[in-house]
Amino acid sequence: MGEAVTLAREDTPDGEVALRRRGEVLELVVDGAFAMDTVDVSTEQLLAQRALARHQAPGHVLVGGLGLGVTTRAVLADPRVELVDVVELAGPLVRWAREGLVPELAGLESARCRVHEGDVAAVLGAASGPSGPWDVVLLDVDNGPGFLVHAANAGLYEAPGLGAARAALAPGGVLVVWSSHVAPPLLAAMWSVAGDGDLVDEELLPVSREGRSLEYALYTLVRAPHP
């Protein structure tokens, strides 16, 4: 794809954030680690589509992680969604989206979409940021529990963090976590916080990427419709 051209780079308390263009591909690098690119965004889209399909009226949605805006755009494509709260830790990425630095991130905010700078773990714990409950919560802040962008995110994939995410759901709400790998401990942790009548499942997503066969996964908890 050729040599990468850095479009923007900025230091933050959580490490450097950079956007790079390699040919037509946009790349996001956080603290020196590859976060995502636009080579194949099908599973990020499926994260939204699968979750929304499991709710009859997903009016209020929380997206943890702005990334390159792929998941958020897939959520907004569903006309049943009335409001999307996007929570992104990297302040420069939020600003670049508002400035329309690249087409992939431009034009996201609207009457139906609010982008917040903050820690989604704190938001789920009701310590800061937008307020729930949410009908759907989507977490795509890392490459999964085994490939963290920030070490501090580990708690999101453990029982306390998942319990907070479940508590932030309205009755009948859906929590889905994206992972770039199969993660049995994450599935077990979801089961450990599930309440009576909740559903938990794992969906494997085979992906062919640049000549390699990979297996991504979605981990879902559906909260029972009645307390």
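## Terms and model

The model is predicted.

## Nonpolar cores

In soluble globular proteins, nonpolar side chains tend to be buried together. Here the largest nonpolar core has 46 residues. Leu19, Leu28, Val75, Val84, Leu93, Leu105 and Leu138 are the residues with the most contacts inside this core. Helix α1, residues 42-53, gives the largest share of the core, namely five residues. Another core lies apart from it and has 27 residues, including Val87, Leu175, Met190 and Val193.

What does Leu138 touch, beyond residues up to four places away in sequence? Its contacts are Leu47, Ala48, Ala51, Leu62, Val63, Gly64, Thr71, Val75 and Val176. One of these, Val75, is also among the residues with the most contacts inside the largest core.

His60 is placed in strand β5, which covers residues 60-64. With a relative accessible area of 17%, His60 counts as buried, because the cut-off is under 20%. Leaving out residues up to four places away in sequence, His60 touches Leu83, Asp85, Arg114, Ser131, Pro133, Trp134, Asp135 and Val136. Asp85 stands 25 residues from His60 in sequence, and their C-alpha atoms are 7.9 Å apart in space.

Leu156 is found in the loop between β8 and α5, the latter being residues 159-167. Is Leu156 buried or exposed? Its relative accessibility is 5%, so Leu156 counts as buried. Apart from neighbours within four places in sequence, Leu156 is in contact with Val120, Ala121, Leu124, Leu139, Val141, Gly161 and Leu162. Val120 and Leu156 are 36 residues apart in sequence, and the C-alpha to C-alpha distance is 8.8 Å.

## The largest pocket

The largest pocket holds about 790 Å³ of space. It is lined by 49 residues, and those closest to its centre are Ala35, Met36, Asp142, Asn143 and Val149. Two or more lining residues come from each of β3, β4, α1, α2 (70-76), β6 (83-88), α3 (91-99), β10 (199-209) and β11 (212-222).

Which element gives the largest share of the lining? That element is β4, with four residues. By residue type, the lining of the largest pocket divides into 24 nonpolar, 13 polar and twelve charged residues.

## The aromatic pair

A pair of aromatic rings is described by the distance of the centres and the angle of the planes. In the whole structure, a search finds one aromatic pair. The partners are Trp178 and Tyr216, in an edge-to-face arrangement with 5.2 Å from centre to centre and 65° between the planes. Trp178 belongs to strand β9 (residues 169-179) and Tyr216 to strand β11, so the pair ties together parts that are 38 residues apart in sequence.

How accessible are the two partners? Trp178 is buried, with a relative accessible area of 4%. Tyr216 is buried as well, with a value of 11%.

The peptide bond that joins Gly132 and Pro133 is cis, with omega at about 5°. Pro133 lies in the loop between α4 (120-124) and β8 (134-139). Pro133 is also one of the residues that His60 touches.

Two residues other than glycine have a positive phi: Asp31, where phi is near 55°, and Ala126, where phi is near 60°. Asp31 sits in the loop between β3 (25-30) and β4 (33-37). Its relative accessible area is 47%, which makes Asp31 partly exposed. Ala126 has its place in the loop between α4 and β8. Ala126 is exposed, with a relative accessible area of 71%. Arg95 is 31 residues from Ala126 along the chain, and 24 Å separate their C-alpha atoms.

Notes. Residues are numbered from 1 along each chain as its sequence is written. This is a predicted model: local features need pLDDT of at least 70, side-chain atom pairs count only at pLDDT 80 or more; totals for chains, interfaces and linings use all residues. Side-chain values use heavy atoms; hydrogens and water are left out. A nonpolar core is a set of buried Ala, Val, Leu, Ile, Met, Phe, Trp, Tyr and Cys residues joined through side-chain atoms within 4.5 Å. Buried means under 20% relative accessible area, exposed over 50%, partly exposed in between (1.4 Å probe, protein chains only). Contact means heavy atoms within 4.5 Å. On a 1 Å grid over the protein atoms alone, a cavity is a set of points where a 1.4 Å probe fits but cannot get out, and a pocket is an open set with protein on both sides within 12 Å along at least five of seven lines; lining residues have an atom within 4 Å of a point. Grid points are joined across faces, edges and corners, and a volume is the space filled by probe spheres set on the points. Ala, Val, Leu, Ile, Met, Phe, Trp, Tyr, Cys and Pro count as nonpolar, Asp, Glu, Lys and Arg as charged, and the others, Gly among them, as polar. Rings of Phe, Tyr and Trp (its six-membered ring) pair if their centres lie within 6.5 Å; planes under 30 degrees apart count as stacked, over 60 as edge-to-face and the rest as tilted.
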